[in-house]
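Morning, everyone. Please take a look at the sequence and the model on the screen, and I'll walk you through them.

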Amino acid sequence: PFLAVTGVVLWLRRMLRGASTAPKGPKDAEAVVLVGSETGSTWPFAQSLARALEAAGKSALVTSMNDGIEHLFGHDRDVYILAASYGAGEAPASANRFLSLLDRRTDRVSARVHVLGFGDRSFAQFCGFAADVHSGVEARSECVPSYAEIDRQSGQSFENWGRTLGFELKHQSQRQKTRAFTLLEAQRMGTEVAAPVSHLVF
């Protein structure tokens, strides 16, 4: 059990820091996927995108936004930035240094950049961090980066976004685990004083 838990911890650390996958070295990758995620939930989307790119004949590298900013400069390639917003539109763990690193650059972004924001529309700052990333990259780019948003990790929206870029994405969203309960007793009280309360026993 100890070894199993240790393995899971090491895997999570690797995912959050930026696990890179490429058929060759990083400099040889024809496409780069940069990931900004707090809990790791954006990484499966990045892996789905990498598989689609490789199926289209392009070598793909997947890494974190903090570790992959160099790929925006000095190369004529496609860079896909998958950026989730944390809290009130803030940067997630694997991208919390991205904008400051970008601000230090004096050269122009040479890559063709595609920004995809992940967020929840029930929050006021929906995809706030992704919007900031798009603005920051656009200010330093030779061409305007594309921009799209995904609400609540919608797999269908993700696949539709892929089609606008010219390739097929196949992604199966992870479903939250549920548990069934059996209702044993139900009591309704307080109706006589216009303050009804239900007491449920499972």
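One term before we start: two strands count as paired if DSSP finds at least two bridges between them. Keep in mind that this is a predicted model.

Take strand β4, residues 112-119. β4 pairs with β5 in the parallel sense, over 6 bridges.

Now the whole sheet. In general, strands of a sheet pair through backbone hydrogen bonds, either parallel or antiparallel. This sheet is open, has 5 strands, and its pairing is parallel. The order is β2-β1-β3-β4-β5. Which strands stand at the edges? They are β2, residues 60-64, and β5, residues 146-151. Each has a single partner strand, so one side of each is left without a neighbour in the sheet. Neighbouring strands are turned by 15° against each other on average, direction ignored.

Next, the helices. Helix α4, residues 128-138, lies across β3, β4 and β5. α4 runs at about 150° to β3, which spans 78-84. Helix α5, residues 155-164, also lies across β3, β4 and β5. α5 runs at about 170° to β4.

Last stop, the largest pocket. How much space lies in it? About 370 Å³. The lining has 18 residues. Nearest the pocket's centre lie A84, S85, F118, G119 and D120. What is the make-up of the lining? It divides into 6 nonpolar, 9 polar and 3 charged residues.

That's the tour. Thanks.

Terms used:
Residues numbered from 1 in each chain as written. Predicted model: local features only at pLDDT ≥ 70, side-chain atom pairs only at ≥ 80, totals over all residues. Heavy atoms only, no water. 1 Å grid on protein atoms, 1.4 Å probe; cavity = no way out; pocket = protein on both sides within 12 Å on 5 of 7 lines; lining within 4 Å. Points joined across faces, edges and corners; volume = space filled by probe spheres on them. Nonpolar A, V, L, I, M, F, W, Y, C, P; charged D, E, K, R; others polar. Helix = DSSP H or I, 4+ residues; strand = E, 2+ residues; numbered from the N terminus. Axes fitted to C-alpha atoms, helices over the stretch in contact; angles between N-to-C directions. Contact = heavy atoms within 4.5 Å.
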